[in-house]
Amino acid sequence: MEEKTTEQKAMELAQLMEDGKGQDVCVLDISALNSWTDYFVIVTVTSGAQAEGLYKYVKEYNRENGLEFHQAAHKTPQGNEWQLLDLGAIVIHLMTQEARDFYELEKLWHAGRKLR
């Protein structure tokens, strides 16, 4: 069986986020813009419970696909607005609509290639 590319894995993770009712899922290829990751998967979540559910999906996917997994970090003091899942070559951002509107990652990383 042929090994999946990192891009294929990023797209599969995006689909997984959508299947878990994540909203406005975006995949950005930022590999040409930095040296620490290749893809962002940005997802809007509506609750902490939904974010935890998506986190579990990612961990399960990770076990089957052999990505790195670094301890998830909360980017805001309350921890519910923006959860970061660092898979090495892919970073998943689980954000509330308010956090997404405030940080505007797609605008910040506009030079990246939008895949979805």
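Guide: Rings of Phe, Tyr and Trp, taking the six-membered ring of Trp, pair if their centres lie within 6.5 Å. In this predicted model, Trp36, Phe40 and Trp109 form one aromatic cluster.

Visitor: How many aromatic pairs does the structure hold, and is the pair of Trp36 and Phe40 stacked, edge-to-face or tilted?

Guide: The structure holds six aromatic pairs. Between Trp36 and Phe40 the distance is 5.9 Å centre to centre, with 45° between the planes. Planes under 30 degrees apart count as stacked and those over 60 as edge-to-face, so the remaining angles fall in the last class, and the pair of Trp36 and Phe40 is tilted.

Visitor: Which class does the pair of Phe102 and Tyr103 belong to?

Guide: The ring centres of Phe102 and Tyr103 lie 4.9 Å apart, and their planes stand at 85°. Because planes over 60 degrees apart fall in that class, the pair formed by Phe102 and Tyr103 is edge-to-face.

Visitor: Is Phe40 buried or exposed?

Guide: The cut-off for buried is under 20% relative accessible area. Phe40 has 2% relative accessibility, and therefore counts as buried.

Visitor: Is Phe102 buried or exposed?

Guide: The cut-off for exposed is over 50% relative accessible area. Phe102 reaches 64% relative accessibility, so this residue counts as exposed.

Visitor: Within what arc do the buried residues of α1 fall?

Guide: In helix α1, which spans residues 6-19, the buried residues are Lys9, Ala10, Leu13, Ala14 and Met17. Seen down the axis of α1, these buried residues line one face of the helix, because they fall within an arc of 140°.

Definitions and conventions
Residues numbered from 1 in each chain as written. Predicted model: local features only at pLDDT ≥ 70, side-chain atom pairs only at ≥ 80, totals over all residues. Heavy atoms only, no water. Helix = DSSP H or I, 4+ residues; strand = E, 2+ residues; numbered from the N terminus. Expected span 1.5 Å × (residues − 1). Buried < 20%, exposed > 50% of the residue type's maximum accessible area, 1.4 Å probe, protein only. Arc of directions from axis to C-beta.
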